[in-house]
Amino acid sequence: MDIGHSALEQLLLPAECLLCHALLTQRDATRLVCPVCRQRWRPVRPPWCERCGQPEPHFGPCRLCAQWPSALKSVRSAAWLDETARPAVHALKYGGLPRIADDLAAAMAHIRPRTDEPSALIPIPLATKRLRQRGYNQSEVLARALARQWRIPVLVGLLVRTRETPTQTALTPETRLANVAGAFRMSNDQCSLINDHSTLIIVDDVFTTGATLAEAARALEQTGARRITGITFARAAIPDFT
């Protein structure tokens, strides 16, 4: 019998917080993170660049989003990637715990882009090798958790990764841009879906320099998308921007 990730986790994991190991109340029994640990996630707050969400102060035009495609209008993140949020991201990305996406999505609820027009979520696609190793795409799991909250569709397969890229973790902002250049394209048989949704919301787990989101937006823009936003659960601090 094939047991899904969520059901298997509930069978194997005790009803305790994944991060602090405190016992969860019956109300939070379906969660992996207790309310206290969720409150410890440090929110990203203004003042910030209105486009990329990078906190100020800025001296002159924001360097982070100056080269972004014009269709990428804004990017927002829910929490800083620090010692309180990093274990949750690692659990989603490397720990084989996709169900934690519900906790992350709940923290992201307030950064939903404001629009009265039809919108859809687009997860950053994972390279085939990493998808096979991980068993799921963490960005897609996160997008589906948000879709359940916001009652909007997830367009899986609209964006395709054209090649495997080295991990971005140890790269500088400049080399990150070069690393993901041309890494995405639109699926030829799904391009028409762009016309059905005025706002496309790209979903990823972590924002560092925005290179991945910008390159994904570039691929969407080249196929006709005119209003794209991006959202992530966490945002990494960049030393020369803080």
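Predicted model: local features only at pLDDT ≥ 70, side-chain atom pairs only at ≥ 80, totals over all residues.
## Overall fold

The protein has 8 helices and 6 strands. Along the sequence they follow the pattern α-α-β-α-α-β-α-α-β-α-β-β-α-β.

The chain counts 242 residues, and 50% of them are buried. Consider the contacts with a separation of 6 or more: 74% of these join residues 24 or more positions apart.

## How α4 meets α6

Helix α4 spans residues 101-108, and helix α6 spans residues 138-150. The two pack at an angle of about 55°, and their axes lie 9 Å apart. That angle makes α4 oblique to α6. The crossing of α4 past α6 is right-handed.

On the α4 side, the contact is made by Ala-101, Asp-102, Leu-104, Ala-105, Ala-106 and Met-108. On the α6 side, Val-141, Leu-142, Ala-145, Leu-146, Arg-148, Gln-149 and Trp-150 take part. By type, the residues of this contact divide into 10 nonpolar, 1 polar and 2 charged.

## The buried residues of α4

Which residues of α4 are buried? They are Ala-101, Asp-103, Leu-104, Ala-105 and Met-108. Among them, Ala-101, Leu-104, Ala-105 and Met-108 also belong to the contact with α6.

The packing of these buried residues involves several elements. Their partners are α2 (35-40), β1, α3, α6 and β6.

## The largest nonpolar core

The largest nonpolar core holds 38 residues. Trp-41, Met-108, Leu-121, Leu-142, Leu-146, Ile-231 and Phe-233 touch the most other members. At least two residues each come from β1 (72-80), α3 (86-93), α4, α6, β5 (199-207) and β6 (228-235). The largest share is that of α6, with 6 residues.

Leu-142 is one of the residues of α6 in the contact with α4. Met-108 and Phe-233 are, like Leu-142, among the residues that touch the most other members of the core.

## A second core

How many residues make up the second core? This separate core has 33 residues, including Cys-62, Ala-120, Ile-202 and Ala-216.

Notes: Residues numbered from 1 in each chain as written. Heavy atoms only, no water. Axes fitted to C-alpha atoms, helices over the stretch in contact; angles between N-to-C directions. Helix = DSSP H or I, 4+ residues; strand = E, 2+ residues; numbered from the N terminus. Parallel < 35°, antiparallel > 145°, perpendicular 65-115°, else oblique. Left-handed = near helix turned anticlockwise from the far one by under 90°. Contact = heavy atoms within 4.5 Å. Nonpolar A, V, L, I, M, F, W, Y, C, P; charged D, E, K, R; others polar. Core = buried A, V, L, I, M, F, W, Y, C linked by side-chain atoms within 4.5 Å. Buried < 20%, exposed > 50% of the residue type's maximum accessible area, 1.4 Å probe, protein only.
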